[in-house]
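I begin with the whole chain and then turn to single residues.

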Amino acid sequence: MRLVPVCLALLTAIPASRPPLALTADQIARQVRDRDTGRDSRAELRMKLFDRRGRARERALTLLTLRGRQAPGAPETAPDGDRLLIRFTYPNDIRGTAFLAWKHPKGEDERFLFLPSLGRVRRIAGSEAQESFVGSDFSYEDIGGRDFDDYSYALLDENASWSGPDRAPHPAYRLESRRKDRSVEFPRVVSLVLKDTFLVIQADIFNRRDEKQKVYAVKRVEQIQRIWTVTESSMSNVLEQTRTELVVEKIEYNTGVTEDAFSRRALEAASRPRGGATPE
């Protein structure tokens, strides 16, 4: 399941789907992984965190992404795997915090968190990948991406449907992803995948007791530069009764971002507070 970049124009703009060819569970999962998200992207996002009493905190962040060589159409000069850099810009208590992810198709993914209060970079171990991403209901894995080979896949329903904001049914697959390492905190995910765009528009995330603990839901999608993009989504923890909303305020694709922007040095440099007004 890819959560970044996040959703697209009102679903009333989604064209009617053609009769789909029969696909296996693995093929559907690969289509989700390989769908067009541009060679790179730059985005500005808002994150809103709600506690169990409904009280909200707001954050602003920027996002850079770069697709690796394994992505369809990627140049040979692309890195071996996808790259992602997030930098928080607001409020002051989290400003400068940054997260860097390097995906490696033939090795373990690497994740780094820069905490300006400590003035150092901390590596996020693989065992921490499903922990909370800077206090939100999203995990580091939700944000930075999952390793395709860490999961096995099963097609639960090839004739599922999803009702979007237009209240019309949209054909979808119901896909189960099971972590091969059953000791992780969230070993099972059941997702709804749109047949025409291969967007994951809903996901139920189960803990080790097989309780549905988290729910990912897409609220808005837009076609930006001909790329279907999630622009409004949420992750709810149904057991803790908390929720995190994520809204893309601006996104551009194929801007010429290079691999240099995703080094550990760039992680610290990008995290230094800059001048200028903070969001209202």
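**Entry 1: the whole chain**

I looked up the surface and found that the protein exposes about 13900 Å², of which carbon and sulfur atoms supply 45%; accessible areas here come from the Shrake-Rupley method with a 1.4 Å probe, and for residues only the protein chains shown count as cover. I note that this is a predicted model, in which local features need pLDDT of at least 70 and side-chain atom pairs count only at pLDDT 80 or more, while totals for chains, interfaces and linings use all residues. Residues are numbered from 1 along each chain as its sequence is written, and side-chain values use heavy atoms, with hydrogens and water left out.

Of the 280 residues, 51% count as buried, where buried means under 20% relative accessible area, exposed means over 50%, and partly exposed lies in between (1.4 Å probe, protein chains only). I find three helices and 13 strands in the secondary structure; helices (H or I, at least four residues) and strands (E, at least two) are DSSP runs, numbered from the N terminus. Taking contact to mean heavy atoms within 4.5 Å, I read that residues 24 or more positions apart account for 54% of the contacts with a separation of 6 or more.

**Entry 2: β10 and its neighbours**

Which strands does β10 pair with? I count two strands as paired if DSSP finds at least two bridges between them. Strand β9 (residues 188–194) runs antiparallel to β10 and is joined to it by six bridges, while strand β11 (residues 212–224) pairs with β10 in the antiparallel sense over five bridges. Strand β10 itself (residues 200–206) is mostly covered, six of its seven residues being buried.

Both connections are hairpins with five residues between the strands: in the turn from β9 to β10, F198 has a positive phi of about 60 degrees, and in the turn from β10 to β11 D210 has a positive phi of about 60 degrees.

**Entry 3: N207**

Not counting residues up to four places away in sequence, N207 touches E185, F186, P187, Q213 and L239.

**Entry 4: β13 and its partners**

Strand β13 (residues 242–253) pairs in the antiparallel sense with strand β1 (residues 40–50) over ten bridges, and L49 stands opposite T244 there. Strand β12 (residues 227–237) also pairs with β13 in the antiparallel sense, over six bridges, with S233 opposite L246. In the hairpin of β12 and β13, which has four residues between the strands, Q241 takes a positive phi near 60 degrees although it is not a glycine; Q241 is partly exposed at a relative accessible area of 48%.

S236, in strand β12, is buried with a relative accessible area of 19%. Leaving aside neighbours within four places in sequence, S236 is in contact with Q213, K214, V215, T242 and R243.

**Entry 5: rings and charges**

Rings of Phe, Tyr and Trp (its six-membered ring) pair if their centres lie within 6.5 Å, with planes under 30 degrees apart counted as stacked, over 60 as edge-to-face and the rest as tilted. By this rule I count seven aromatic pairs. The rings of F133 and Y140 have their centres 5.7 Å apart and their planes at 85 degrees, so this pair is edge-to-face. Both F133 and Y140 are buried, and together with F88 and F99 they form one aromatic cluster.

The charged end of R243 sits over the ring of F50, 4.1 Å from its centre; the rule asks for NZ of Lys or CZ of Arg within 6 Å of the ring centre and within 35 degrees of the ring normal.
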